[in-house]
Amino acid sequence: MDDDQTLMRPRSGRGNRGPTRLKRLSLRRVAGEKTHLDIDVNAGVASGPNAKTFNSYLGVVSRERLSILLYSWDDVSEVDRNMLWEHVRVRFTLLSFSCNAF
């Protein structure tokens, strides 16, 4: 069998992993529920039982809404930042901001 034929043969099994869509989060929104989240402003870290969902959601929204050609967060326009913030506010209720005084 040639190497070319081996490369052309379709893979058996389940196939490739698809994109993350966070279906459970979407179902909560349809039901009118918001996901609660705690954020430590000084550390810039989400905490609580929904922190992993929040981090995943940030990745999904930024992949869907921002250009792949942007080099860093500094290159994101103010309009796009506000749009992302509105998406976060629709899906999540920020319970508290923890600010530790120095």
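Figure 1. Thr35 is buried, with a relative accessible area of 2%; here buried means under 20% relative accessible area, exposed over 50% and partly exposed in between, using a 1.4 Å probe and protein chains only. This is a predicted model, in which local features need pLDDT of at least 70 and side-chain atom pairs count only at pLDDT 80 or more, while totals for chains, interfaces and linings use all residues. Residues are numbered from 1 along each chain as its sequence is written, and side-chain values use heavy atoms, with hydrogens and water left out. Thr35 belongs to strand 1, residues 35–40. Helices (H or I, at least four residues) and strands (E, at least two) are DSSP runs, numbered from the N terminus. Val90 sits 55 residues away from Thr35 along the chain, yet their C-alpha atoms are separated by 9.5 Å.

**Figure 2. The two faces of strand 1.** In a regular strand, side chains alternate between the two faces of the sheet.

Figure 3. Strand 1 runs antiparallel to strand 2 (residues 45–47), and 3 bridges join them; two strands pair if DSSP finds at least two bridges between them. Look for Asp40, whose bridge partner in strand 2 is Val45. The two strands form a hairpin with 4 residues between them, and Gly44 in the turn has a positive phi of about 70°.

Figure 4. Helix 3 (residues 51–65) has 15 residues and reaches 21 Å from its first C-alpha to its last, close to the 21 Å expected at 1.5 Å a residue; the expected span is 1.5 Å times one less than the number of residues. Its buried residues are Ala51, Phe54, Tyr57, Gly59, Val60 and Val61. The largest nonpolar core has 13 residues, and among those with the most contacts inside it are Leu37, Phe54 and Val88. Such a core is a set of buried Ala, Val, Leu, Ile, Met, Phe, Trp, Tyr and Cys residues joined through side-chain atoms within 4.5 Å. Strand 1, helix 3 and helix 4 (78–91) each give two or more residues to this core, and helix 3 gives the most, with 4 residues.

Figure 5. The whole structure holds 2 aromatic pairs. Rings of Phe, Tyr and Trp (its six-membered ring) pair if their centres lie within 6.5 Å; planes under 30 degrees apart count as stacked, over 60 as edge-to-face and the rest as tilted. Phe54 and Phe92 form an edge-to-face pair, 5.1 Å centre to centre with 90° between the planes. This pair links distant parts of the chain, with Phe54 in helix 3 and Phe92 in strand 3 (residues 92–98), 38 residues apart. Both Phe54 and Phe92 are buried. Ring pairs link Phe54, Tyr57 and Phe92 into a cluster.

**Figure 6. Leu22 and its contacts.** Leu22 has its place in the loop between helix 1 (3–8) and helix 2 (23–30). Leaving aside neighbours within four places in sequence, Leu22 is in contact (heavy atoms within 4.5 Å) with Thr53, Ser56, Tyr57 and Val60. Leu22 and Val60 are 38 residues apart in sequence and 8.3 Å apart in space, C-alpha to C-alpha.
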